[in-house]
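Comments follow as numbered points.

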Amino acid sequence: MRYNVAQLLKEPIGSSRKYEIDKNYTEPERFADVVRGPVDVLRTHHGILVRAKLQVQAMLTCSRCLGDYTYSSDLSIEEEFFSAVDIQTGQTRPA
């Protein structure tokens with residue numbers, strides 16, 4: 001999942017966006033089959049704060065009986081991301 005937050009980085013501190021994830025994955029190499037839940041994105045002084053409370057379901061195989069079963073889990077995410085480029089000037093920021 002990718003979200004373009006360039007416009008949010010140009011807005012005042014405290015500006016926010018809300019997203020709702022409801023995605024089914026079918027690729028052979030995947031981390032889950034279903035991901036659902038709200039994602040809140042907030043402009044901070046230094047970057048973007050992402051908060052999410054997701055419900056994740058994955059079809060797994062039991063190593064003992066080799067039967068398939070569905071594993072469900074709740075996932076809470078709170079992470080701040082910092083832009084590598086200054087939005088005003090376009091210059092690369094030092095790491």
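The points below treat the basis of the note, then the individual salt bridges.

1. This is a predicted model, in which local features need pLDDT of at least 70 and side-chain atom pairs count only at pLDDT 80 or more, while totals for chains, interfaces and linings use all residues. Residues are numbered from 1 along each chain as its sequence is written, and side-chain values use heavy atoms, with hydrogens and water left out.

2. The search of the whole structure returns 4 salt bridges (a side-chain nitrogen of Lys or Arg within 4 Å of a carboxyl oxygen of Asp or Glu). Three of them are described here, among them the pair Glu11 and Arg17.

3. Glu11 and Arg17 form a salt bridge with an N to O distance of 2.6 Å. Glu11 is partly exposed at 21% relative accessible area, and Arg17 is partly exposed at 26% (buried is under 20%, exposed over 50%, partly exposed in between; 1.4 Å probe, protein chains only).

4. Arg36 and Asp22 are joined by a salt bridge of 2.8 Å, N to O. This pair links distant parts of the chain, 14 residues apart: Arg36 belongs to strand E2 (residues 34–43) and Asp22 to strand E1 (residues 16–24). Strands (E, at least two residues) are DSSP runs, numbered from the N terminus. Arg36 is partly exposed at 36%, whereas Asp22 is exposed at 57%.

5. In the salt bridge of Glu78 with Arg51, the closest N and O atoms are 3.2 Å apart. Glu78 is in strand E4 (residues 68–82) and Arg51 in strand E3 (residues 47–61), so the pair ties together parts 27 residues apart in sequence. Glu78 is exposed, at 54% relative accessible area; Arg51, at 41%, is partly exposed.

Methods. Helices (H or I, at least four residues) and strands (E, at least two) are DSSP runs, numbered from the N terminus.
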